[in-house]
Amino acid sequence: MSVQHLQLQYEHFAGDAGLPAEAYMLLQKAREATGIAYAPYSQFRVGAAILVENGQVITGANQENASFPAGLCAERVALSAVSSQFPDAIIKAMAISYQPAGANSDHPISPCGICRQTMLEYEIRQQQPIRIILGGMTGEIIIIPAAQLLLPFSFTPQDLKGFPQADHHKHQNG
């Protein structure tokens, strides 16, 4: 047996001051997107903003549903919008912010596991990292250079290599 260690590299900012202009702009768009969230059950509104290499900014907000867990996270809403509007575009960065009802939004929150896996799939598909900018409405901000750093020991298309597609379809169809 051996003990292994993981490291996570990220940039930390005490607040908006000193944040690179592009990151500040994208975080502001994510903060604005919290205003269009549909979160009548949790009252926890999340906004995401994606910067595509063509300069377009696409936003998304969480969309809850009374039939839990049928809702969608802001990150996946924004990623779906990008792939629908710009199917071959390279995603440069994604900012994520939040606003809970009656509580402070003064520190970064991290994407859920499904969103992390989805962001990783986009990185793999485009063969380029996606910078992740995390921040509340105020307070500290974290910039992570690649989504893959949020999901060590991830499940990737490489793990499916050699999986017999014919047997897979046979089992699915009876």
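Visitor: In which helix is the place of Cys115?

Guide: Helices (H or I, at least four residues) and strands (E, at least two) are DSSP runs, numbered from the N terminus. The place of Cys115 is in helix H3. Please note that this is a predicted model, in which local features need pLDDT of at least 70 and side-chain atom pairs count only at pLDDT 80 or more, while totals for chains, interfaces and linings use all residues. Residues are numbered from 1 along each chain as its sequence is written, and side-chain values use heavy atoms, with hydrogens and water left out.

Visitor: Is Cys115 buried or exposed?

Guide: Buried means under 20% relative accessible area, exposed over 50%, and partly exposed in between (1.4 Å probe, protein chains only). Cys115 has a relative accessible area of 0%, so it is buried. Cys73, by contrast, counts as partly exposed because its relative accessibility is 24%.

Visitor: Which residues does UniProt list for "binding site"?

Guide: UniProt positions are given in the numbering used here, feature names are shortened, and annotations may be inferred rather than shown by experiment. The unreviewed UniProt entry lists Cys73, Cys112 and Cys115 under that name. They span 43 residues in sequence, yet no two of their C-alpha atoms are more than 8.5 Å apart, so they gather at one spot. Cys73 lies in the loop between strand S3 (57-61) and H2.

Visitor: Which residues does Cys73 touch?

Guide: Contact means heavy atoms within 4.5 Å. Not counting residues up to four places away in sequence, Cys73 touches Asn62, Cys112 and Cys115. With the same exclusion, Cys115 touches Cys73, Glu75 and Arg76.

Visitor: Which residue does the UniProt annotation "active site" cover?

Guide: In the unreviewed entry, that annotation covers Glu75. Glu75 is placed in helix H2, and its relative accessible area of 5% means that it is buried. Beyond residues up to four places away in sequence, Glu75 touches Ala48, Met94, Ile96, Pro111 and Cys115.

Visitor: What is the volume of the largest pocket?

Guide: On a 1 Å grid over the protein atoms alone, a pocket is an open set of points where a 1.4 Å probe fits, with protein on both sides within 12 Å along at least five of seven lines; lining residues have an atom within 4 Å of a point. Grid points are joined across faces, edges and corners, and a volume is the space filled by probe spheres set on the points. Here the largest pocket has a volume of about 320 Å³. Of its 19 lining residues, the closest to its centre are Val46, Asn62, Glu64, Leu72 and Cys73. Strand S2 (44-52) and helix H2 (74-85) are the elements that give two or more residues to the lining.

Visitor: How many residues has the largest nonpolar core?

Guide: In soluble globular proteins, nonpolar side chains tend to be buried together. A nonpolar core is a set of buried Ala, Val, Leu, Ile, Met, Phe, Trp, Tyr and Cys residues joined through side-chain atoms within 4.5 Å. The largest one here has 23 residues, and Ile50, Leu79, Ile91, Met94, Ile96, Met119 and Ile132 have the most contacts inside it. H2 gives the most to this core, with 5 residues. A second, separate core of 13 residues includes Leu19, Ala23, Ala49 and Ile143.
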